[in-house]
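Hi,

Here is the structure I promised to pass on.

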Amino acid sequence: MNTAAAIRAYRGPAVFSVGLRPFFLFAALWSAIAAPIWLYAFLSGGPVGLDWHVHEMLFGYTGGVVVGFLLTAVPNWTGRLPVVGRPLALLFGLWLAGRAAMLAMALNADLATAAWPAIVDGLFLFVMAGVIWREVLAGRNWRNVPVAVMVTLFALANAGFHLEPGAGGVANLSTRLGLATIALLIAVIGGRVTPSFTRNWQIKRDGPLPAVAGRFDAVTLAVTAAGLVGWSVAPAHPAAGAMLLAAGGLNLLRLVRWRGDATLAEPLVWILHLGYLWLAAGLVLTGLSVATPGLVPASVGVHALTAGAIGVMTLAIMTRASRGHTGRPLAAGPVEVVIYGLVNAAALTRVAGGLSPSLYQPLLIVSAALWSGAFLAFAIAYGPMLLRARPTRG
């Protein structure tokens with residue numbers, strides 16, 4: 001039985017028929033809720049701190065989306081059967097338990113030194129890393145060993161977040177390592193799906209095709225990995241800044257080679273290019289913050305990578321993959337355009353807030369509202385698709 005046949009043979013609740021269904025829907029809801037929770041606490045002096053906000057956006061929301069994507073994609077990569085039904089429900093339960101544990105710890109100061117919230121939260125990503133390693137090794141899918149390594153590093157960064165004493169309560173080294181891992185994952189996976197989906201779309205229209213992956217792409221990924229590792233370990237070192245600037249420039253050239261300019265007629269395709277553009281911009285801005293800290297604050301590059309690259313690219317993947325795996329046409333409508341507009345506006349205002357100290361607070365409020373609006377719109381529009389069975393073809 002192949003992957004598609006296994007999914008078709010599943011007879012349980014539709015939401016647990018494929019990995020992306022529960023994780024995409026509830027990660028989006030969590031992202032829409034978590035942003036205003038932290039904003040309210042920030043403005044009112046409430047108990048939810050910056051550390052909770054950083055953790056839940058990076059390891060909570062992003063971790064959930066990454067797992068949903070990989071649980072769906074890895075069976076296609078390896079030819080092995082997908083995780084569906086009860087095992088998928090148990091994995092999703094671990095993710096939910098982690099969110100509950102982290103919120104309980106944020107609201108109850110007595111739990112700040114307790115071990116169990118960290119254990120509950122950390123278990124999910126380590127279990128998922130084990131699942132990915134099992135599938136990649138059993139399927140002899142050596143090409144995706146780097147993906148398994150990155151998921152493991154992400155799980156270790158999450159564990160480090162709980163163990164590392166950080167300035168202002170934020171585990172800075174673990175946060176940088178987690179963010180660097182996700183940025184590299186976008187470069188690797190985004191570097192596959194963006195030109196692939198573009199090629200498929202252009203072939204149908206006899207349009208210009210993206211460049212075929214080759215040595216240039218390998219060099220770009222190597223420089224990107226080196227720059228992100230250097231920044232994670234030594235964020236103020238000039239060499240790290242120079243490598244990030246080089247990585248940003250190379251990724252921009254890589255993006256140009258994919259001919260995104262010829263995809264403007266289909267939002268499901270051009271949004272992938274825009275998400276990758278945010279990655280290149282985030283690398284450049286982070287490099288500039290190292291080279292010229294008085295001109296570009298560190299938060300500007302970080303938010304270009306988080307609100308920009310992560311926010312835009314995850315919604316790009318979530319909308320396209322959700323439509324494809326629930327039997328809907330691969331074409332965007334007004335709802336998708338609204339979602340993409342909201343999340344890009346959220347990223348732009350968040351980055352602008354770091355460059356405009358006098359307008360920081362109002363721009364922060366606007367950005368949070370736009371961000372929540374984007375993910376709430378996804379949950380409302382895509383929730384019925386993700387909760388119901390695929391429509392039968394007459």
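A quick definition before the notes: a crossing of two helices is called left-handed if the near helix is turned anticlockwise from the far one by less than a right angle, and right-handed if the turn is clockwise. Please also keep in mind that this is a predicted model.

**The helix pair**

With that in hand, look at H10 (residues 267-291) and H12 (residues 334-355), whose axes come within 11 Å and cross at roughly 15°. Angles under 35 degrees count as roughly parallel, and H10 and H12 are therefore roughly parallel to each other. As for the handedness, the crossing of H10 and H12 is left-handed.

Which residues make the contact? On the H10 side they are Pro267, Leu268, Trp270, Ile271, Leu274 and Trp278, and on the H12 side Val337, Tyr340, Asn344, Ala347, Leu348 and Val351. Sorted by type, the residues of this contact of H10 with H12 come out as 11 nonpolar, one polar and no charged.

**Thr349, also in H12**

Staying in helix H12, you will find Thr349 there. Is Thr349 buried or exposed? Its relative accessible area is 17%, and buried means under 20%, so Thr349 counts as buried. Where does its side chain find a polar partner? A polar atom of the Thr349 side chain lies 2.9 Å from the backbone oxygen of Ala345.

If you leave aside neighbours within four places in sequence, Thr349 is in contact with Leu363, Val366, Ser367 and Leu370. For a sense of distance, the C-alpha atoms of Thr349 and Leu277 are separated by 16 Å, and these two residues are 72 apart along the chain.

**Two other threonines**

Leaving out neighbours within four places in sequence, Thr220 is in contact with Leu250, Asn251 and Arg254.

Not counting residues up to four places away in sequence, what does Thr175 touch? The list is Val54, Leu58, Phe161 and Val170.

That's what I have for now.

Cheers

Note on methods
Residues numbered from 1 in each chain as written. Predicted model: local features only at pLDDT ≥ 70, side-chain atom pairs only at ≥ 80, totals over all residues. Heavy atoms only, no water. Axes fitted to C-alpha atoms, helices over the stretch in contact; angles between N-to-C directions. Helix = DSSP H or I, 4+ residues; strand = E, 2+ residues; numbered from the N terminus. Parallel < 35°, antiparallel > 145°, perpendicular 65-115°, else oblique. Contact = heavy atoms within 4.5 Å. Nonpolar A, V, L, I, M, F, W, Y, C, P; charged D, E, K, R; others polar. Buried < 20%, exposed > 50% of the residue type's maximum accessible area, 1.4 Å probe, protein only. Polar contact = N/O pair within 3.5 Å; in protein donor to acceptor, adjacent residues only side chain to side chain.
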